[in-house]
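Here's a quick look around one part of a structure, written for someone meeting it for the first time. Take a moment with the picture, then read on.

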Amino acid sequence: MDKAVIAIVFDFDETLGPDTISFVLEKQNITPAKFWREVNDMVGAGWDPPLAYMHLLVEASKEGRLDISKRSLQIFGKKLPLFTGLPSALKELKEYVSTNPSFNKSHVTLEMYIISGGFEEVIRASKLSPFIDGIFGCTFAYESSSSQPIGIKSAISFTEKTRFLHGIRKGIDPLTLRTDPYRVNDAIAPHMQRIPFSRMIYIGDGPSDIPCLSPVVSGGGVGVGVSAPFGTFKKGYELAQGKRITVGPYTANYKKGSDMRKVLEEALLRIGLAIDIDRKKNVITAPKH
């Protein structure tokens, strides 16, 4: 029997760790608040938010005020702090599914993805990377001789996130999603979906996650609201009031025994039970003598 796949899809900034852009700015003595005010001014003039912040970063790099070379972002990624319980929680959740008897009959496996409007290079270099099956974030184009950024290669806005979410649903591998983006528009019959929304858990902290939360929740999956440990629940409660999430918001504490961890384990069990029920419906028992 083919394995049934459950996917947990995470936002990153203020969901799994601090804002990656602000983290890189602070490490180079640039005040994030001033930077984000400039970004907001550009957005008010009609810029898309990720294009605005990436443009400002490329300009700062050209002026020598900021190092966002690929090597530098990778170094920052290795230093990036993660929220409580990470990265071990990701390994433990995969083991929870692979060893739990409740999942055995249905041959369930767990995959994890990150779709972020933050720095992909930073996230890839973080301690989370070994446990993630696909990472999608904003990237720069680099000059081959110097590895310095010369432009914007990929900018992921809140609506652009859904391209990768649908790619995961359809079973398009991460490399193909990048190099052949039109594949996401392929028509696919519902029963051929590799990971339907009903088998997804999406975890996000705010309005930029609504385009992903909406199809997951309406498709029968689980939307979890989360708030960074150092912030307030304001954005999470706004998601809850708008019925954008199924549960939460919870503090971003992934340690075993925390509310967030219990909710994730319960959600996995609920989806696993539904998979088992579907499997039994499709099995015709042989007649006995």
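## Aromatic rings and a buried strand

Tyr 53 counts as buried, at 4% relative accessibility; buried means under 20% relative accessible area, with a 1.4 Å probe and protein chains only. Phe 119 counts as buried too, at 1%.

A word on the source: this is a predicted model, where local features need pLDDT of at least 70, side-chain atom pairs count only at pLDDT 80 or more, and totals for chains, interfaces and linings use all residues. Residues are numbered from 1 along each chain as its sequence is written, and side-chain values use heavy atoms, leaving out hydrogens and water.

The structure holds 7 aromatic pairs. Rings of Phe, Tyr and Trp (its six-membered ring) pair if their centres lie within 6.5 Å; planes under 30 degrees apart are stacked, over 60 edge-to-face, and the rest tilted. Here are two of the pairs:

| Pair | Type | Centre to centre | Between planes |
|---|---|---|---|
| Tyr 53 and Phe 119 | edge-to-face | 6.3 Å | 75 degrees |
| Phe 119 and Phe 140 | tilted | 5.9 Å | 45 degrees |

Phe 119 sits in strand β2 and Phe 140 in strand β3, so their pair ties together parts 21 residues apart in sequence. (Strands are DSSP runs of E, at least two residues, numbered from the N terminus.) Phe 140 is buried, with a relative accessible area of 4%.

What about β3 itself? Of its 9 residues (134–142), 8 are buried, so the strand is largely enclosed by the rest of the structure. β2 (residues 108–119) pairs with β3 in the parallel sense over 4 bridges; pairing takes at least two DSSP bridges.

How values were computed: Buried means under 20% relative accessible area, exposed over 50%, partly exposed in between (1.4 Å probe, protein chains only).
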